[in-house]
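Have the model open next to you as you read.

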Amino acid sequence: MEQKSTQKEKIRIGIIGCGKQANIHVQAMLETDLFSIVALCDVSTENINTLAAAIGSDSSIFATNDYKACIDYPIVDAVLISTRTYQHVEQALYAIEKKKHVLMEKPLGISVQEVNQLTEVALKTKDIVVYPALEYRHSYFYENMMHFIHSDFLDGTKYISINEYRNPFFLPWFYDKSLSGGAINDKLIHFFDVLCGFFAPSKPVSVYASGSQHVYTAGSFIKGVTDEKYKLEKSDIIDNAIVIVEFEDDKRAVVQLNMYEEFPVSGLTIHIAGLNGTYIKVTHADTPELEITTNKDGNIQKYTMEDRRDSDKYGIGHPGAKELLISFYDAVVKKETPRVDMYGARLSQLITFAAEQSVAEGRKILLSEYTNKTIETLAKERGAGYRERFILHDMKLVPEEKKKKIRRGIIWRFFGTKNVELSYIRLTKATLSRILRGLKKKYDLSAFRDISVTIHLITPWDSMYFRVANGDIILSSYDIAEQDDKLFSITLTERGFEGFLSGESLNRLYLTKQVQVKGNLFEVRQFRPLMLKLLEELKKQLLIK
């Protein structure tokens with residue numbers, strides 16, 4: 001594609017797999033304005049229709065249940081592969097054969113053999129970008145950690161621990177190792193990937209892992225995203241593990257995984273020990289609300305990331321989700337050297353395979369067992385490998401108390417000079433009217449001419465109903481739903497309401513069950529933009545400027 005001089009060129013992208021991960025990528029795509037979504041593919045027509053409605057696409061978008069038809073669609077420049085793991089390599093290879101660029105969800109595959117095959121093809125193919133979707137490596141917090149590790153702040157590091165204590169997988173297919181490659185393969189590749197950057201130029205040399213099934217065995221039940229229950233007909237993956245990865249130069253990392261915590265979960269914690277006695281600990285590292293603690297110069301100080309533009313504005317995706325897309329765009333359109341490639345991602349993937357093998361065989365696995373001379377030769381010829389950025393993004397020192405001032409009516413505006421208890425917030429008629437005006441002015445309701453939906457917003461003190469039908473919106477403190485309406489409810493706890501008004505991401509609040517959404521899962525996705533706009537207007541009207 002040739003660079004346009006008068007207008008920014010967009011990548012015309014087809015999306016293969018229209019489930020949860022695709023929805024997350026689409027939100028970031030829409031915010032970057034670098035992509036034009038021209039094709040959607042999924043085995044489920046319902047998934048396609050739901051995603052199409054969520055992005056506001058018109059009837060001109062190409063929809064198909066056949067991934068080859070999506071790739072073959074003439075105006076598609078690139079594809080996002082967001083299907084089940086066992087399908088990734090097959091679909092990527094076909095896209096490369098058809099000269100289409102590939103943005104590929106992790107994990108790359110389910111076996112060493114197929115990942116080697118894809119890596120070799122990618123290294124041999126010129127002018128086609130195959131870009132692994134490893135968001136964490138593109139996040140601002142990762143770049144800050146790289147700066148600290150490779151500067152005199154920590155004076156280097158030889159020991160890092162990463163702990164992820166989380167909820168189980170939501171869907172039954174993940175529990176079938178032949179489809180997902182296993183829990184370590186799916187969940188820990190992000191962390192092995194950042195470890196390779198933290199410890200660079202030292203490379204991983206061996207892996208020892210121990211894991212088992214504590215809870216989610218065959219016949220047990222899991223909860224879906226909206227608390228629906230699934231019985232596991234098959235479950236041959238582990239739900240807990242400890243992985244020790246040894247690197248060159250006497251460096252090592254310990255990674256712990258536990259996948260049976262109920263919400264609210266402990267989340268992701270990273271601890272980096274500096275050789276000068278300084279440490280850095282990152283808590284909630286998988287959310288925009290991550291907190292960085294250090295004991296630099298004998299003082300315990302806590303920071304947050306001031307700049308959150310690396311992810312979508314709602315915090316739905318992983319940190320780095322938007323920066324990932326920008327980097328993919330730069331590699332495709334501007335012909336810049338990719339920041340990540342298949343050769344670098346393969347190394348991280350090999351650690352997951354070694355860990356899965358170590359659990360199965362009860363022994364330390366040497367990565368030299370996976371040596372592929374053809375790939376190493378091709379990589380050397382192409383100059384393959386990651387391109388790191390050592391950028392220090394702004395951090396903000398966390399004060400002892402951090403609260404937002406809230407609108408509390410006319411008396412508060414005249415006399416309110418300090419923070420008070422949240423329990424006096426009321427969604428008054430005046431507030432509801434302001435929210436209604438904001439929605440009508442900023443949100444295109446034309447997509448709802450043939451659909452009627454009622455959204456019930458519930459706080460600890462009030463509730464209100466928004467009904468959208470016939471291209472118009474009605475707001476009331478009373479139930480105004482009609483018989484054929486699609487019904488959804490958004491419930492915020494007191495903690496969730498305070499966090500929402502203080503700027504915490506909805507993703508974090510949802511994962512900790514401070515925000516709950518009830519309604520059909522697929523239909524909820526369709527109306528997500530409207531619900532997000534509703535919450536934005538609510539925040540705008542309740543916060544003092």
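In which crossing does α4 pass α5, left-handed or right-handed? The crossing is left-handed, a label used when the near helix is turned anticlockwise from the far one by less than a right angle, with clockwise giving a right-handed one.

Before going on, a word on what you're looking at. This is a predicted model, where local features need pLDDT of at least 70 and side-chain atom pairs count only at pLDDT 80 or more, while totals for chains, interfaces and linings use all residues. Residues are numbered from 1 along each chain as its sequence is written, and side-chain values use heavy atoms, with hydrogens and water left out.

**The whole chain**

The protein chain has 18 helices and 23 strands. Here helices (H or I, at least four residues) and strands (E, at least two) are DSSP runs, numbered from the N terminus. Of the 545 residues in the protein chain, 56% are buried. Buried means under 20% relative accessible area, exposed means over 50%, and partly exposed is in between (1.4 Å probe, protein chains only). Now take contacts (heavy atoms within 4.5 Å): among those between residues at least 6 apart in sequence, 72% join residues at least 24 apart.

**Back to the helix pair**

Two packed helices are described by the angle between their axes and the distance between the axes. Helix α4 (residues 88-97) and helix α5 (residues 112-124) pack at about 15 degrees, with axes 10 Å apart. Axes are lines fitted to C-alpha atoms, for helices over the stretch in contact, and angles run from 0 to 180 degrees between N-to-C directions. So α4 and α5 are roughly parallel to each other; the cut-offs are under 35 degrees for roughly parallel, over 145 for roughly antiparallel, 65 to 115 for roughly perpendicular, and oblique for the rest.

Who touches whom? On the α4 side you'll find V89, A92, L93 and I96, and they meet E114, Q117, L118 and V121 in α5. The contact of α4 with α5 comes to six nonpolar residues, one polar and one charged. In that sorting, Ala, Val, Leu, Ile, Met, Phe, Trp, Tyr, Cys and Pro count as nonpolar, Asp, Glu, Lys and Arg as charged, and the others, Gly among them, as polar.

**The sheets**

Strands of a sheet pair through backbone hydrogen bonds, either parallel or antiparallel. Two strands pair if DSSP finds at least two bridges between them.

| Strands | Sense | Bridges | Facing residues |
|---|---|---|---|
| β11 (residues 240-247) and β12 (residues 251-258) | antiparallel | eight | I244 and V254 |
| β19 (residues 453-458) and β20 (residues 463-469) | antiparallel | six | V453 and V468 |
| β1 and β2 (residues 35-41) | parallel | six | G14 and A39 |

Five of the six residues of β1 (residues 11-16) are buried, so β1 is largely enclosed by the rest of the structure.

Most residues other than glycine have a negative phi, and most peptide bonds are trans. The bond from K106 to P107 is cis, with omega near -15 degrees, and P107 sits in the loop between β5 (101-105) and α5. A200 and P201 are also joined by a cis peptide bond, with omega about 10 degrees; P201 is in the loop between α9 (189-198) and β8.

With 29% relative accessibility, H284 counts as partly exposed.
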